[in-house]
Amino acid sequence: MASTPRAQALAGAEVVRRAIQGGRTDWRSIAFQGLLVGLLILTLGVLAWLLTVVLVNGAPVLADRGVDFLTSPLASNPSEAGVGQAIAGSLWLMAFVAVLSFPLGIGAAVYLEEYARDSWFRNMTNSVVRNLAGVPAIVYGLLGLAIFVVALGDFVGPGPASGRSLIAGGLTMAILVLPIVIITSAEALRAVPGSIREAAFGVGATRWEVVRSHVLPYAAPGIFTGTILSMARAFGETAPLVLVGAVIGGFNVQYDSVLETLQGRYTALPTTVYDWARKPPSFGENVYAAILVLIAVLLIVNALAIYLRNRFERRW
Amino acid sequence: MTAIAGQPPRLTVADLRGSIGRRRRELLVRVLFLTASSISILISLLIIVSLIGEALAFITQVELGLLFERGWFPRRELFGLPTILAGTLLVAVIGMLVATPLGLGAAIYLSEYASPRVRRTVKPILEVLAGIPSVVLGYFALQIISPTVVDTICPGATEASNLAAAGIGVGILITPLVASVAEDAMYAVPRSLREASYALGARRRTTSLSVVLPAAVSGVVAALILGLSRGIGETMVVSIAAGATGGSLFTVNPCQPGQTMTAAMTALATGSDQVRGATLAFPSLFFVGLLLFVFTLVLNLAADRFVRRVRIRY
C-alpha cells in the first residue's frame, strides 16, 4: 500500500478523479479529439498527396531534360516544349511588381500609419484597401483588359500584340498586389511602439526623419516578409493574366530591345500550366514538371520569408 | 518688467521650425506619401468605372428576356444567367462543405488541443497549403480528385471534369483560409474564460465547444463568410476542373460539367480574338465581372460588419 506521503497524495488524487468521472472512460471526449486530429491529418494528408503526385509525375521530365526543359520555348510537341519563355515572363512580371507596388504600397502604408490623423481620408482609404484585397483576382484582370489592353492598347502594346503586352500584364499584377503590400506594411509599421517615435521627436527630429531613421528600420523585417509573400502570391496568380492576354498556345518571336520585349507578347509560368493542362494527355508530364518548378520557386520564396521573419522578428 | 542681465534671448515659434530646406523636404515627402495612398482609391474607382461602362453597354443592348433563359452560350448570344449562377453556387457550396469541417476542425485542434510544438509545426505547413497556386489545385482536382473521390460519390459520371471535382478543389483551396482566420479568433479568447470553465469541472471538449467557440463566434463566422467569398471568386480551379469550355447547359447536378461566373469569364477571354469581334460577348464579360464584384463585396462587407457587431470585448 501507499507508504510515502507523495504516493498517498497521488492515490488520493486518483480516487477524486475517478469520483468526478464516475469511474467511466469519457468516450465522447476521446471521439471528439480523435475527430479533430483526423480532420487535421486529412488536411495535411491532402497537401502531402498533392506534393507527392507532383513530385512523382514531374521529376522524371526534369531529370531527363534538365536545363533543356527550363530554357526551351513553348512548342506543340511535348518532348520539345519547355518553360523558358514562361520563366522569363514571370520574372518580368515580378520586376513590375517590385518596381511599382513596393514603393507605392510602402509609401501608402507610411502615410496611413505615420502621417494621416484620424480623419475621414484615413478611414476611407483603410476600408477601400481592405475591400480591394478581397476583390477576386479575375476582376483585376477585367480592369487590366478594359484600361491597359483596350483603352491604352496602342501605347502599351502597339503592333501585333494589339495591347496584350508584357506592360499590360505587369501593370495589372502590380495593381493586384498593391492592397496586400499596403496591409502587410501597415501592420509592420503599427507593431513599432510609439515610444520609439516619441524618443526621436523628443530630440527634435521632423516626422520624415523619425520615419526614415527609426520607424522604417524597425519595421523593415515585417515589411520585407509581407512584400516577399505578396510577390509569391503574384507569382502563382493566373486568372488576371489569362484575361489580359498572356499567351495561350505558343509564340515564336525574338525581341531585340527591352522596349520591344515590354511591348510584345509574353507568357508566365502559371498560365503555361493552365495552357498545357487543357492540352491532350501527352502533355501530362510536362504539366507536372512545370507545376514542380512553380511550387519549388514558391516554397523557396516562402521559406525565405519565414526565415527572415524568425531571424529579425523583434518583440517589444 | 525689466530684462534681467544674462537671460537667454526669447525664442519665437519661427526659431523652432528649423531651416526652410528641412521644412520643404518635409512637405515634399508628405505629398509623395499622400499621392501613394491616394492611388488605392484611384484603383478602386478605375475598377468600378471599367466594369460599369461595359456592363451598361451590355445590359442596354441585350434582350433582357435572354438573361433568364437556361444555357450559357455567349458565342450564340445566349446569356442565361441562371446557368452560371447555379454553377457558381454549387461549386461554392461544395467547397464550403469541404472547407468548413476541415478548417474548423484544424482551428479547434490547433487553438485548444495542440501543444505549442505541434502548433509551431502545423501552422507553417497550413501556410504552405495556402500558398499553393490555384492552377495547381485545378489540375490536381481534374487529374486526381475526379477519378478517385468523385467517381465514388457519383457512380457513372461520364465526364472527367465536373462541378463536384471543381467544388472539392475549391474546398481544399479555402480550407487554410478558414482555418487560419477561425484559429486566430479562438486563440484570442482569453485564458481566464477557459480556466473558469475548467474550474467548474467542464471537460476540454465542453470548454472548446460551449465556451471558446461561442466567445469567438464573430471571428469564426467571418472566416466562413470570407471562405464563401473566396470560393465564389475562385477562377482557375473551376476553369480547369469544371469542364465547360465556351458554353454550358443549365445543370444543378454536381456530377455534370458546368459553368461558373469566373470560368465563363476565362472561357470568353481565352478565345480572345473572337471576344473583340463578337458584339455582345466582350461586354458580357464585364457584366458578369460586375455581378461577381458586387457579390464578393457584399460578402466581405458582411464579414467585416459581423466581426464588429458581434465581437465581445474582453
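## Helix α2 of chain B and B:Gln61

B:Gln61 is located in helix α2 (residues 20-61) of chain B; helices (H or I, at least four residues) and strands (E, at least two) are DSSP runs, numbered from the N terminus. With 11 C-beta neighbours inside 10 Å, B:Gln61 counts as exposed. The burial classes are as follows: a residue is buried if 20 or more other C-beta atoms lie within 10 Å of its own, exposed if 12 or fewer, and partly exposed in between, with C-beta atoms placed from the backbone. The C-alpha atom of B:Gln61 is 9.6 Å from that of B:Pro283, although 222 residues separate the two along the chain.

## Model and numbering

This is a predicted model, in which local features need pLDDT of at least 70 and side-chain atom pairs count only at pLDDT 80 or more, while totals for chains, interfaces and linings use all residues. Residues are numbered from 1 along each chain as its sequence is written, and chains are lettered from A and ligands numbered from 1 in the order in which they are written.

## Chain A overall

Chain A has 14 helices and zero strands. Its radius of gyration, taken over C-alpha atoms, is 27 Å, whereas a compact globule of 316 residues would have a value near 20 Å; the globule rule is 2.2 Å times the number of residues to the power 0.38. Along the principal axes, the C-alpha atoms of chain A fill a box of roughly 95 × 65 × 30 Å.

Of the 316 residues in chain A, 45% count as buried. Among contacts in chain A between residues at least 6 apart in sequence, 74% join residues at least 24 apart. Two residues are in contact if their C-beta atoms, placed from the backbone, lie within 7 Å.

## Helix α8 of chain A

Helix α8 (residues 166-190) of chain A has 25 residues, and at 1.5 Å a residue it should span 36 Å; its end C-alpha atoms are 35 Å apart, which agrees. The expected span is 1.5 Å times one less than the number of residues in the helix.

α8(A) bends by about 35 degrees at A:Val177, and a proline, A:Pro179, follows within four residues. The bend at a residue is the angle between axes fitted to the seven residues ending there and the seven starting there. Since 23 of the 25 residues of α8(A) are buried, this helix is largely enclosed by the rest of the structure.

## Chain B overall

Chain B has 13 helices and two strands. For its 314 residues a compact globule would have a radius of gyration near 20 Å, but chain B has 27 Å. The C-alpha trace of chain B spans about 105 × 65 × 30 Å along its principal axes. Buried residues account for 48% of the 314 residues in chain B. Among contacts in chain B between residues at least 6 apart in sequence, 75% join residues at least 24 apart.

The domain assignment of chain B gives domain 1 (17-61) and domain 2 (65-310); such bounds come from an automatic or database domain assignment. Eight residues from domain 1 of chain B and eight residues from domain 2 of chain B take part in the contact between them. On the domain 1 side, the residues that touch domain 2 of chain B are six nonpolar, one polar and one charged. Here Ala, Val, Leu, Ile, Met, Phe, Trp, Tyr, Cys and Pro count as nonpolar, Asp, Glu, Lys and Arg as charged, and the others, Gly among them, as polar. The C-alpha centres of domain 1 and domain 2 of chain B lie 32 Å apart.

## Local sites in chain B

Helix α11 (residues 261-270) of chain B is mostly covered, with ten of its ten residues buried. Among them are B:Met261, B:Met265 and B:Leu268.

B:Gly231 lies in helix α9 (residues 217-233) of chain B and, with 30 C-beta neighbours inside 10 Å, counts as buried. Not counting residues up to four places away in sequence, B:Gly231 touches B:Val91, B:Ala92, B:Gly95, B:Met96, B:Val170 and B:Ile174. B:Arg191, in helix α7 (residues 191-199) of chain B, has 7 C-beta neighbours inside 10 Å and counts as exposed.

## Interface between the chains

66 residues of chain A are in contact with 67 residues of chain B. Helix α2 (residues 27-65) of chain A gives the most to the side of chain A that touches chain B, with 15 residues. The residues on that side of chain A divide into 52 nonpolar, twelve polar and two charged.
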